[in-house]
Amino acid sequence: MSGAADMNRNRALDWALVAYIVLAYAFVFAPIAASFVFSFNSDRFPSIPLGEFSLDWYRAIATDPLVWEGARNTLMVGVIVGVVSTLLGFGAAYTDYRYKFAGKQVYLALALLPPTIPVIILGLAMLAYLSRVNLSGNALSVIISHVVVCAPFAMAIIRLRLSQMDPALEPAAWNLGASEWMAMRHVIVPFCAPAILGALFITMAVSFDEFAVAWFVSGLNETLPVKVLGFLQGQVSPRINAIGTFVFILSMTLVILAQLLLSGRGAKSAERE
Amino acid sequence: MRRPISLYGLTFSLPLLIWQVLFFVFPLVFLVALSFWTVKNFVMRPDFDTVNWTTMYGRTVFWQAYGTTLALAAAASVLTSVLAFPAAYAVAFKLSDTSRRWAVFLMVIPFFTSYLVRVYSWQTFLSDNGIINVILSWIGLGPFVMLNTVGATMIGYLTLSFPLVVLLQLFSLVFIDRTLIEAAHNMRCGRLRTVFEVVIPSARTGLVIAALFCFILSFGDFVSPVYLGGGEPTTLSILITDTTKSGQQWPRAAVIALTMIGTLMVVAFVAVKFAYKGKSK
Amino acid sequence: MSRDTLVSFEGVVKSFGNFVAVQRLDFEIKKGEFLAIMGSSGCGKTTTLRMLAGLEAPTEGVIRLSGKPINDLPTWSRDTPMVWQSLALFPFLNVRENVEFALKMRGVGKAERRRRAEQWLDRMQITEFAERNISQLSGGQRQRVALARSLVVEPEILLLDEPLSALDAALKVRMQSVLKNLQRETGITFVYVTHSQSEAFSMADRVVIMSRGNIEQIGTPQEIYRTPKTRFVADFLGSSNVFTGTLQRGSAGSGIEISTSVGRFDLDLPNNSNPLGQSATLTVLDTKTQLSHTRPAGANAVPVRMIGEEFVGATATIYLETSDGQEMRVQKGHQELAELDLEIGQSLFAWWRKEDGHLIASS
């Protein structure tokens, strides 16, 4: 790194700090890596030395119809949550970008606060409320609660993209004879397209991982993370590693897709500008 | 230029507003109402009775759990902040731009792995025959009881918020004006001293907000205290799940939940006040 | 090295990767002088200053402060306080705390710190703002805080990196006199980096002109203004009419003249050491260039056409074009101008006395 002069640096100290970074990442990735490794390990109570390589846990979850049911629900819920959250988030982001109005602070608080409320409290409130209005115990209730938590993420991602847009772009379109709707269709949406897709994938990934709210809210239709919680509550089983690895790979695929869309396309359109 | 409210504008702003009012504000408001309901023979009845509040607030178990949760969350914020800072500092100041981008990307990955799976994974490290004890036995140490201790709960809290705290600290550190650091060096302020005299004061807002997030997450978490801490000591989140399970005592659980929200609001208010202290807008 | 040398650069080179920011510096800074380092952006002036401050390490060569090499000293072990272009005031400290900072770092006790800070707050006339936040100050007030903060330790040398660039024109002029007076009163050596000719020439005792990592000329403002040493300096200052041509013996048989595309001009060079037949550059200050309607006798004259005029304050600049399209300028007072009765498009003669011409030998 340039900037700081050599005599102002201390090589030993720099190395110690870099070593600390490695240590910190080791701490963060130890459980993730272990979960991955043990999902291919035959032992019932995983530890080292490792047992034999085995796909038993994958076979176990693959043959469990309940797991398949959960996976189907997770996927279905995830896709719907992704679409709805992204639509709502886009609207809110555009509102914040374009309009000034009394009570905007409150509007933004509502749009952004939900993820900061502890999931246990949110879950409790949701279940109590949704069962009151006869919405509890089905996939719809899971979708509703996931959207509450996911829409703020979608909004944040799209708002960031809008802030990179030249504020004169939309008025320029009006000036050239486009109506508000046409400007939205031909200027705003194309400009935000990568962020919209990114938000879609990220909210889907968040939904896959939202377990606690679902635990309270869903009754019979369990999603995968709820299944995981069930395992934990009952007997501890390395099946959780297999499921975890599976969900991790799915989520990461979505995140990397989102990342490629957000950076790659964004950069390309920036070049064209 | 003031535009009248238009159909166009409302089409974009209203859906989220309606959704969050219906499914976020109303549930929280309902929680308040619920806390005044009564339970007779395992059946909840709408009511306006302060009995739940007086019952819960009259129990030492509740106040013990409250104190425990507060202390654990505070300890987690301090511990996580202190452990995260050198990492965030090193990433901000000692890595090249490319390495820094990679570091940020890697720190984001944990957000997309199930927290629950990671906690389960920690069990395999910490249990009596777990990875750490096996390694220690090779050099003739142990075994140590690590699972179902407060220390294990702390590891869980760290797992929960360490990546977020590192990222938030990092974002406030990379935006520090480098000339301030040069200016401090130029005025005889050495390396370590500059960290305390210039870097930390400059990044204060971000550092406090990061610690606040850690507090919020740890305060409400129930996975770590249960699956790593063994449910002992009882935290408020454990108390909530226990209360809901035992005899339909949802109104009492609502009291606990509302007390938690109140506490978090006070803590957040104080923290934000401190974070922005002396900053004119 | 003479006794009054405070800083010397000896063969100093600085490169960043493949980019050479500073080619090879050999110059000295005298004790108690006001030295300006001037050049356009990217010329290496700021890098030079930062090397002296200890914020960049020279790739080659030695920098000495009071005779001692300081290459290996970290910036916090040197006494070379700097005023940044951005001022780099600490936003989380108030004015007084900013001024006390350097003293605190030196372990000066609280009471003493306060007393000395008070002195400088007073001297810079910012005592009334002592408890304010930096964000509540105006540009000029911030400037004064930055100066007080660096000067409170009463250093031998003060480095300034374009400190006035953020101020408006009127305030700039006011701060220039503040700086000049401060330097004169304290006797502290000022090294002042700027791209502005008016700042450098109005304050500095000596000016260093840099271009592409090289020193083009060092001298007093007078010297540089009157006798630019290189074509670059003449063009950079922009206050001279410049002609390029070949040196030859005068047509009258004596003296030296320069033959250019627009005419032959006599030079006042009693002891010429430049070889004849070589190309060379002639510069004539625009204030020394005259105008007339008829060809003057006994002077160097160029037929020109007037193409424009510009009035700034008491003087006007007349823009002229030679037969081969080269632009010339002449500075005149309004009175003189009225007597000449000029109009655009008119044919005229631009002329100067041969002793007003200055020759730059070709390099």
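User: Which share of the contacts in chain B between residues at least 6 apart in sequence joins residues at least 24 apart?

Analyst: In this predicted model, 71% of the contacts in chain B between residues at least 6 apart join residues at least 24 apart. For chain A, residues 24 or more positions apart account for 77% of the contacts with a separation of 6 or more.

User: What makes up the secondary structure of chain B, and what are the spans of its C-alpha trace along the principal axes?

Analyst: Chain B comes to 13 helices and two strands, and its C-alpha trace spans about 75 × 70 × 35 Å along the principal axes. Of the 281 residues of chain B, 47% count as buried. Chain A has eleven helices and zero strands, and 45% of the 273 residues of chain A count as buried.

User: How do you know how far to trust the prediction, for chain C and for the complex?

Analyst: Chain C averages a pLDDT of 89, and 98% of its residues score at least 70. For the complex, the predictor gives an ipTM of 0.89 and a pTM of 0.83.

User: Why is helix α12 of chain B called largely enclosed?

Analyst: The cut-off for a buried residue is 20 or more other C-beta atoms within 10 Å of its own. Seven of the ten residues of α12(B), which covers residues 236-245, are buried, so the helix is largely enclosed by the rest of the structure. The buried residues are B:Leu236, B:Ser237, B:Ile238, B:Leu239, B:Ile240, B:Thr243 and B:Thr244. They pack against α5 of chain A, together with α3, α10, α11 and α13 of chain B.

User: What is the peptide bond from B:Glu232 to B:Pro233, cis or trans, and where does B:Pro233 lie?

Analyst: The bond from B:Glu232 to B:Pro233 is cis, with omega near -10°, and B:Pro233 has its place in the loop between α11 and α12 of chain B. In general, most peptide bonds are trans, and most residues other than glycine have a negative phi.

User: Why does C:Gln125 count as exposed?

Analyst: The cut-off for exposed is 12 or fewer C-beta neighbours, and C:Gln125 has 12 of them inside 10 Å, so it counts as exposed. C:Gln125 lies in the loop between α3 and α4 of chain C, and its phi, near 60°, is a positive value in a residue other than glycine.

User: Which residues touch the most other members of the largest nonpolar core?

Analyst: B:Ala257 and C:Val191 touch the most other members of that core, which holds 239 residues. Leaving aside neighbours within four places in sequence, C:Val191 is in contact with C:Ile29, C:Leu35, C:Ile37, C:Leu49, C:Leu52, C:Ile157, C:Leu159 and C:Leu160.

User: How many residues does the contact between chains A and B take from each chain, and which element of chain A gives the most?

Analyst: The contact takes 63 residues from chain A and 60 residues from chain B. On the side of chain A that touches chain B, α1(A) gives the most, with 14 residues. By class, that side of chain A has 49 nonpolar, ten polar and four charged residues.

User: What makes up the contact between chains B and C?

Analyst: This contact takes 17 residues from chain B and 18 residues from chain C. On the side of chain B that touches chain C, the elements giving two or more residues are α8 and α9 of chain B, and the largest share, six residues, comes from α8(B). The residues on that side of chain B divide into six nonpolar, seven polar and four charged.

User: How is chain C divided into domains, and what separates their centres?

Analyst: The domain assignment gives domain 1 as 5-226 and domain 2 as 239-361 of chain C, and 40 Å separate the two centres, taken over C-alpha atoms.

Methods: Residues numbered from 1 in each chain as written. Chains lettered and ligands numbered in written order. Predicted model: local features only at pLDDT ≥ 70, side-chain atom pairs only at ≥ 80, totals over all residues. Contact = placed C-beta atoms within 7 Å. Helix = DSSP H or I, 4+ residues; strand = E, 2+ residues; numbered from the N terminus. Nonpolar A, V, L, I, M, F, W, Y, C, P; charged D, E, K, R; others polar. Core = buried A, V, L, I, M, F, W, Y, C linked by C-beta atoms within 7 Å. pLDDT = per-residue confidence, 0-100. Domains from an automatic or database assignment.
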